[in-house]
Amino acid sequence: MSNISINMKQDMALALSPPDESSPLIVDISKVSWTPKAVSLFAEMFKLANNSLPQNDGDDAFISLPTGALRSLLYAELPNLLSTDNYLGLSSFNLYRKKQSLCCLLKQVGNCKDSVFSCIEEWVEVDLTLFIEQNNLPDHFRDEVFGLLDDDTLVDISSESIQLFPWSRSDIGGLTPPSEGYPLSANDIASILEGEEIFPELPPVHRLVGNNNNKAELISVPIDDHQEGRFSLVCEISVETLPGAKAPIVYVNFKKRKWLDSLSDKYTRNRTKNGYLIELEGTRAYNFKLEKTVQSNWKWTPDCAFSALARKFGIKYISTGEKRFEVDANCFIGLAHDYDSEGELQNKIGTGVPEKDRKDAFNIVYEKLSVYGFTRFSDFERIKNPLKAYSSILYLNKLVKDRNRELKESAADSFYLGEALPEQFFDYSNIPTVGSDKKIYLPELINAYLSDVDVTKHIEDMTAYMITSSPAEGDVLKRIAQVLFGDRLSIKSIALPDFVHGPRDSLPSKEEKKKHQRKKKRQERWLEFIKTVIPTSNKAVCLIQAPKFYPTESGVKVDDEVNKPAAKLAFAGSSAIPVQYLLPPDRRSNSTSKLEQYVMKAQQALLDLVFGHLGMLPGLAKRAANYHTEKKLPQYLYGINVYAATNETRAKSAEVAVASRVNVSSGLTEVKIGHQLAESVITDWMPFTKAIQYLTQRCMSTLSLGKKKADRQALFQYFCSEVLDEAERKTPLAYVYIKAEGGRKYWSLLADSGVLQLVNEAKTRWPSLRIVRVREQAPKLIQEKFDNDGIDKTTTTVSMFNVRASDIPVYWSLGEPVQQYTRGLSCYRSLIVSQAHPKTKEVSIKEFAPDIGQAMRPNAAEFVVVSSLPDEDIDKVAQFTGSLRRGVVPARLETWVKTPSPLFVLNKLEEYLKL
């Protein structure tokens, strides 16, 4: 502690700068590629296997070659294996091209040919032969593969030296990674850290072989000291580019991977899970898939990748029913990844890694990589935070928490019995909503919020329909809505009609195997209901409360998966009425926490319905005035994005270009949509509900941006140009936010390598607009901090950073954590931490046990200011943009959202595109 400055604060990015010209990082590699002859032969097998596959409605499934097994064999046999291509170069795309295709990359350590050939020979002898037999393919395929192997014409192995870092600079200002260097770099860095201790007090980490996607993972052995469940810590290495920068950045991220102790053969949302094998004494971890299929009688079964590992190491998968998932081998730990937390199998370990653990692990990673020329990335600086812009709606979580115990228990009893809640439960006249220093009472807060003229106008001419299974449920929802919106919102409670929800075999058309036919029947039933109950001229929204599980004579069964989409299609497609679903109260106990959880979820659903589904963003005018003079005040905000979605009725995924135009004064959003059917279509601007209706009415069509990539690129670029040109002509001073992730594949100027060109083009074509490229990509950012006693209190704070490493204005916007937490704690080790008493403020220093609860910390968003007005403070442009991430009412009570609101509001359209 003697070297630590008291009350020291320092911003810290969990990122590294790669070696420069003075110490280049060079690696010798061997490339294993399938020859064109091999690819052609495998393509024939793939085609025949899939031609014989029964086509079930809604299934885009296809039979892939058993490449997972070969991947396992290569990884187990070759300690110098760095990465493999997806499907080992035998994806459907590569098979269609029938050209030489990359299989894997290895660090060059002696002659690897014999080992590679041995793995391929075993794969052909066992796994490929089984594939041929299971799919009734001719036997000659196996002989032909062996013939190519014997003739040394199955794979090609070449060697070369690659300079991973530094990268060169292109003529247009972007970075140019070396051949194979971009996907290889992260895996090479991970191989350096393999078998090293990077998490204090934990054994060395194990490396998972990476794909060629510039990411690699290192994983700890399971931590199982807690009754709540088991988990491992994961270090993720990725190499990312920065627009206008002279070098890439190496991100070092940390996360938890929670493990299941058992696998249920009962209903689960997902039919696949990730399985892992971790060596107890080695440095490797292997992954595979667990699947539930008709062929396995809906029992969890490992895939061919596990089968190959089982042969290699003599292990056996022995999970049955609710039994603990394990592997019959003393040298391995077998685990299934819990990303569902379903039913009784819930792993109660919280998500996320505390700042203290991340900082300590990052410092160790830096120390181990510094000898290779890596340095801390520090070329950024904090600027003034965006103005706090809380929505008063965010404080309504006091609806249950601050009630007296007797009233809460009485309400919980009524809730459990399915009865109406006590009248006084909804009286909030004396409930303070803010801290003890400044008490603001709930009615004042609600009235202040509803006094906004635009909010009042938005709500007053609207009717909200609450469709529930019982009058008591409808009454509870109606009361909650009245607390949120007062008497300004017209509310009608209606009984859920028959034959629209329930298990498949209890509803009409149960004999229909095709999902879209069942969906059509449910939709027709809803349309009859709508005609009877809802006036055609009414501006309406609809909340439907329906169970997910239903008791039957043969046990509990799940709601037919087509029921919810059918309701949304009926309401939105016929009457442009948005629909929000809500699960009914959990009445398995009369716990007050069940009541509290339900009321919170009901609030979220109602707010999302009334604001999010209608594209309403209140409070923008006041926020804009805080950052702009009257002469430069924007009247409109735009967002542009590309959305792709699949559903069970489309043969292919739908893909559309979408733009929002938000009126700063009213907060109302208009939408423009671009797509291609028989010809290219770009709609006029339309109200948000009409955009929802437009998409749902075309749910059976294959909406796309074009068949060929060139067509998609041309349409999206034309769409962007039309929005920008129109904004330049009609709404000067506007902000235009363009999402990079969706658009860069169709407009190269949105990629990091093309942004400098976009900057130059914007100066001449759109000089009166503020154009900002938005991306959900930035390193984890923390603030290293020590208190008066020298105790580490590293934390996360709301921040805006200017990234100086770039030649153009780049900013990182960091939100705030979603929950309060004690700073300085670890999720797996006991630490000495100081803590102030909440009332007396007296500080005590004591040892804290590991905190395994939620440690959700925000990800930063990246803003690239492509254009701004002459003589404008660019920091202000970034600050205003950052403020648009905060206090968005459609965000379901989240304090911060991932993107500025003109982009965020478009996410709701994606829900309807998926129907």
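Two strands count as paired if DSSP finds at least two bridges between them. I kept this in mind while reading the structure, which is a predicted model.

**Entry 1**

I found 4 strands that form an open sheet in the order 21-20-22-25, with parallel pairing. Strand 21 (490-495) and strand 25 (579-582) stand at the edges; each has a single partner strand, so one side of each lacks a neighbour in the sheet. On average, neighbouring strands of this sheet are turned by 20° against each other, direction ignored.

**Entry 1: the pairs of strand 22**

I next followed strand 22 (residues 540-545) to its partners. Strand 22 is joined to strand 25 by 4 bridges, and the two run parallel. In this pair, Leu 543 stands opposite Gln 580 of strand 25. I also noted that Ile 544 has Tyr 581 as its bridge partner in strand 25. Strand 20 pairs with strand 22 in the parallel sense as well, over 5 bridges. Here I asked which residue of strand 22 is the bridge partner of Ile 467. The partner is Ile 544.

**Entry 2: the faces of strand 22**

In a regular strand the side chains alternate between the two faces of the sheet. I checked which residues of strand 22 point which way. Ala 540, Cys 542 and Ile 544 point one way, while Val 541, Leu 543 and Gln 545 point the other way. Are these residues buried or exposed? All are buried, and I recorded strand 22 as mostly covered, with 6 of its 6 residues buried.

Helix 15 (residues 563-575) does so, touching strand 20 (463-468), strand 22 and strand 25. The direction of helix 15 makes about 155° with that of strand 25.

**Entry 3: Phe 529**

I located Phe 529 in helix 14 (residues 515-533). Its relative accessibility is 8%, so Phe 529 counts as buried, the cut-off being under 20%. What does Phe 529 touch, leaving aside its neighbours within four places in sequence? The contacts are Ile 467, Ile 494, Ala 495, Pro 497 and Phe 571. I also noted that Phe 529 and Leu 496 are 33 residues apart in sequence and 9.5 Å apart in space, C-alpha to C-alpha.

I examined helix 13 (residues 471-485) and helix 16 (residues 592-610), whose axes come within 10 Å and cross at roughly 60°. The crossing of helix 13 past helix 16 is right-handed. From helix 13, the contact is made by Val 476, Leu 477, Ile 480, Ala 481, Leu 484 and Phe 485. From helix 16, the contributors include Tyr 598, Val 599, Ala 602 and Gln 603. I sorted the residues of this contact by type: 12 are nonpolar, 1 is polar and none is charged.

**Entry 4: Thr 129**

I found Thr 129 in helix 4 (residues 113-134). Its relative accessible area is 14%, so Thr 129 is buried. Not counting residues up to four places away in sequence, Thr 129 touches Val 124 and Arg 142.

**Entry 5: cysteines**

A disulfide is a covalent bond between the sulfur atoms of two cysteines. How many disulfides does a search of the whole structure find? The search finds 0 disulfides.

Conventions
Residues numbered from 1 in each chain as written. Predicted model: local features only at pLDDT ≥ 70, side-chain atom pairs only at ≥ 80, totals over all residues. Heavy atoms only, no water. Axes fitted to C-alpha atoms, helices over the stretch in contact; angles between N-to-C directions. Left-handed = near helix turned anticlockwise from the far one by under 90°. Contact = heavy atoms within 4.5 Å. Nonpolar A, V, L, I, M, F, W, Y, C, P; charged D, E, K, R; others polar. Buried < 20%, exposed > 50% of the residue type's maximum accessible area, 1.4 Å probe, protein only. Disulfide = S-S within 2.5 Å.
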